[in-house]
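Let's take a walk through this structure together, one part at a time. Have the sequence and the 3D view ready, and follow along as we go.

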Amino acid sequence: MTLPSDLKQFINDNLKQDINTLALKKNPFPDFEWSWILNQIQAKQKAEKKLPTWFANDDVIFPSTLSIEQTSSETLAKFKSELISGEKLIDLTGGFGVDDFYFAKRFKKIVHCEFQDDLSAIVQHNFKVLKTDNIETISGDSISYLEKSIEKFDWIYIDPARRDDKKTKVFLLKYCTPNVVELHDLLFEKSDNILIKAAPLLDISSILNELSNVKTIYAIGLQNEVKELLIVLQKGFIGQPELIAVNISNDNTIHQDIFPLNDAADSQLSLPLNYLYEPFSSYLKLGSYNNIAVKFNVSKLHKHSHLYTSKELIDFPGRCFKIEEIIPYNKKEIKFLENTKCNITTRNFPLKVEQIRKKHKIKDGGDLYAFFTTDLNNDKIIVLCKKITTDN
């Protein structure tokens with residue numbers, strides 16, 4: 001479908017408009033459904049920062065806003081594509097095709113499978129206008145296609161849907177669609193290498209309980225928020241998997257560290273020293289709490305607090321703070337924070353942030369950071385800090 005130039009201009013002219021207000025107006029393009037035009041505007045609004053390549057091309061057609069929300073960002077798609085390469089890759093859950101657009105730069109041929117006919121047609125159109133000519137689009141059941149295919153692929157990529165028939169979120173791979181646990185043998189008939197994108201909330205131990213031949217698990221964070229877990233399966237692999245923590249910062253700086261599966265490293269405990277460190281969420285996701293301490297030569301405040309400290313400032317993968325004061329947590333000591341602004345974080349502490357704010361009348365914001373936590377003596381303490389500015 002080629003959009004007329006005046007419709008493309010109308011879409012661009014209304015990207016700053018409120019969709020609900022716009023919906024009350026008369027459709028100036030009777031050859032197109034008004035709801036479809038409104039969806040193009042709303043979906044393009046959502047794509048501006050997440051998908052700048054698609055946003056910048058006026059010939060791109062957008063699917064439902066839900067598809068835009070569920071797709072990978074370009075930043076994450078580019079990172080994923082740089083992990084693998086080869087001759088042929090098949091994506092069994094193609095969706096809007098952002099991942100495949102970047103995989104196509106690393107493979108000679110991509111097969112994009114999508115069971116929704118309308119979405120598959122949109123993706124085919126967009127690959128054409130984006131001048132990506134090494135992607136074949138298949139509409140229909142990808143598992144049936146894979147079963148009938150006589151091709152052998154270098155990689156199979158799959159992003160199972162994490163909702164059941166009742167649209168309820170599920171947190172085990174065997175309840176996702178397609179069921180990668182059940183499909184294990186078929187997948188390895190067609191490829192020696194499988195890349196699975198999984199939900200950030202999925203537990204690492206459950207992945208290892210459900211799947212065999214797991215070689216690597218990536219926890220990928222974008223601006224200190226875990227966005228994806230990536231699971232690499234390799235045919236015949238029987239060793240212990242590596243855990244890799246990744247954080248991509250605002251300036252596209254990538255922090256990446258490898259940890260062993262076993263977190264039995266002999267970490268040291270200490271009372272707060274001169275500096276306090278809070279690891280990126282992707283590092284914490286992997287549960288490598290002791291390994292972090294040993295790798296970066298820092299001490300933990302408590303076995304279960306997952307906050308770290310040192311005398312000298314180090315380059316640490318996370319937020320870094322200069323400790324100003326340490327006070328015991330009690331009504332008298334905390335009184336000076338009442339009606340002041342403070343950024344609050346809790347780690348291994350009985351109260352949640354909002355409970356602390358309400359109980360002690362502390363407002364959000366300001367330059368002061370307060371960590372409510374437990375020290376090595378099991379005492380409840382508040383570590384008052386100033387943030388050391390970085391681009392993380």
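Predicted model: local features only at pLDDT ≥ 70, side-chain atom pairs only at ≥ 80, totals over all residues.

Start with strand β6, which is joined to strand β8 (residues 242–248) by 7 bridges, the two running parallel. Strands here are DSSP runs of E with at least two residues, helices are runs of H or I with at least four residues, and both are numbered from the N terminus. Two strands count as paired if DSSP finds at least two bridges between them.

Residues are numbered from 1 along each chain as its sequence is written, and side-chain values use heavy atoms, with hydrogens and water left out.

Back to β6, which covers residues 214–222. It also pairs with strand β7 (residues 226–234), again through 7 bridges, but here the strands run antiparallel. In that pairing, T216 stands opposite V232 in β7. The two strands make a hairpin with 3 residues between them, and Q223 in the turn has a positive phi of about 55°. Strand β6 is mostly covered, with 8 of its 9 residues buried. Buried means under 20% relative accessible area, exposed means over 50%, and partly exposed is in between (1.4 Å probe, protein chains only).

Now zoom out to the sheet around it. There are 9 strands in this open sheet, in the order β3-β2-β1-β4-β5-β7-β6-β8-β9, and the pairing is mixed. At the edges stand β3 (135–139) and β9 (254–259), each with a single partner strand, so one side of each has no neighbour in the sheet. From one strand to the next, the twist averages 15°. Helix α8 packs on this sheet, touching β2 (107–114) and β3, and its direction makes about 165° with that of β3. For angles like these, axes are lines fitted to C-alpha atoms, for helices over the stretch in contact, and the angles run from 0 to 180 degrees between N-to-C directions. Elsewhere in the sheet, strand β1 (residues 86–91) and β4 pair in the parallel sense over 3 bridges, and I90 stands opposite I156 in β4.

Let's look inside helix α8 (residues 117–129), where you'll find S120. Is S120 buried or exposed? S120 is buried, because its relative accessible area is 5%. Leaving out residues up to four places away in sequence, S120 touches E114, T137, I138 and S139; contact means heavy atoms within 4.5 Å.

What about the nonpolar interior? A nonpolar core is a set of buried Ala, Val, Leu, Ile, Met, Phe, Trp, Tyr and Cys residues joined through side-chain atoms within 4.5 Å. The largest one has 44 residues, and L211 and I231 have the most contacts inside it. Not counting residues up to four places away in sequence, L211 touches L173, V180, V181, I196, I231 and L233. Another core lies apart from it, with 38 residues, among them A47, L51, L130 and L195.

Searching the whole structure turns up 19 aromatic pairs. One of them is F103 with Y157, an edge-to-face pair at 5.1 Å centre to centre, with 70° between the planes. Rings of Phe, Tyr and Trp (its six-membered ring) pair if their centres lie within 6.5 Å; planes under 30 degrees apart count as stacked, over 60 as edge-to-face and the rest as tilted. This pair links distant parts of the chain, with F103 in helix α7 (residues 98–103) and Y157 in strand β4 (residues 155–158), 54 residues apart. Both F103 and Y157 are buried.

Last, a couple of backbone details. The peptide bond from T177 to P178 is cis, with omega near -5°, and P178 is found in the loop between β4 and α10 (184–190). K131 counts as exposed, because its relative accessibility is 74%.
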